[in-house]
Amino acid sequence: KRMVNEAKSDELNSEARQLEIRPVFEAVNTLEAMRRHSPVNTLFEALCSPRASDGAMALYESYCRSEFGKRAMMRHIFGDEAYEEFEKGEAADRLAANANPTLFGADRDTVLLFFAVIGLVLMLIVIGYAVVTVVIKDRTVASSALRGGARAAAQAARKAQEAWTDPEF
């Protein structure tokens, strides 16, 4: 606190000053994480092996984003009581947000159902188009085969007639 209060505003923005402040802030982040998670060995186990569980990964991500240090600074600036009220409100907001997730102002399940129905309709249209295309192709092939067959039958009939009328036969 004293370090921040004694620094002039132009000094806080310099890169050299930020390099000096960074280890202090990381220490505050670690101390706050240790204060919030006891026993401490579970904290460091989670930080050393974040893929062990989803909770360990969430803790690792929070630690890497320096959320513990930010919260400690907020608690120091606003006081313990105001910060506790803030955390209670933030926790309530998170619960309310997760209780009934929405998308575009509508209930999430309703939106998912809507898109599922749209997908089903599109799939049926594509399948119907494919079936109609195959049927039309088959009819075209069949009619051309019938026409070809009719020609062949007509030629065979002519040959038979010629053979019938031929006296040599």
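Student: In this predicted model, what covers the buried residues of α4?

Tutor: The residues in question are Leu43, Ala46 and Leu47, which are buried within a helix spanning residues 40-48. Because they cover an arc of only 100 degrees around the axis, they lie on the same side of α4. What covers these buried residues includes α3 (15-36) and α5 (54-64).

Student: Which residues of α5 are buried, and what covers them?

Tutor: In α5 the buried residues are Ala56, Leu59 and Ser62. Their arc around the axis is only 125 degrees, which means that they sit on the same side of α5. Their cover includes α4 and α6 (67-78).

Student: Which residue with a positive phi follows α5?

Tutor: The helix α5 comprises residues 54-64. It is followed by a residue whose phi is positive, near 60 degrees, and that residue is Ser66.

Student: How many residues of the contact of α3 with α6 are charged?

Tutor: On the α3 side the contact includes Glu32, Arg35 and Arg36, and on the α6 side it includes Glu67, Lys70, Arg71 and Arg75. The residues of this contact divide into 6 nonpolar and 2 polar, and the number that are charged is 7.

Definitions and conventions
Residues numbered from 1 in each chain as written. Predicted model: local features only at pLDDT ≥ 70, side-chain atom pairs only at ≥ 80, totals over all residues. Heavy atoms only, no water. Buried < 20%, exposed > 50% of the residue type's maximum accessible area, 1.4 Å probe, protein only. Helix = DSSP H or I, 4+ residues; strand = E, 2+ residues; numbered from the N terminus. Arc of directions from axis to C-beta. Contact = heavy atoms within 4.5 Å. Nonpolar A, V, L, I, M, F, W, Y, C, P; charged D, E, K, R; others polar.
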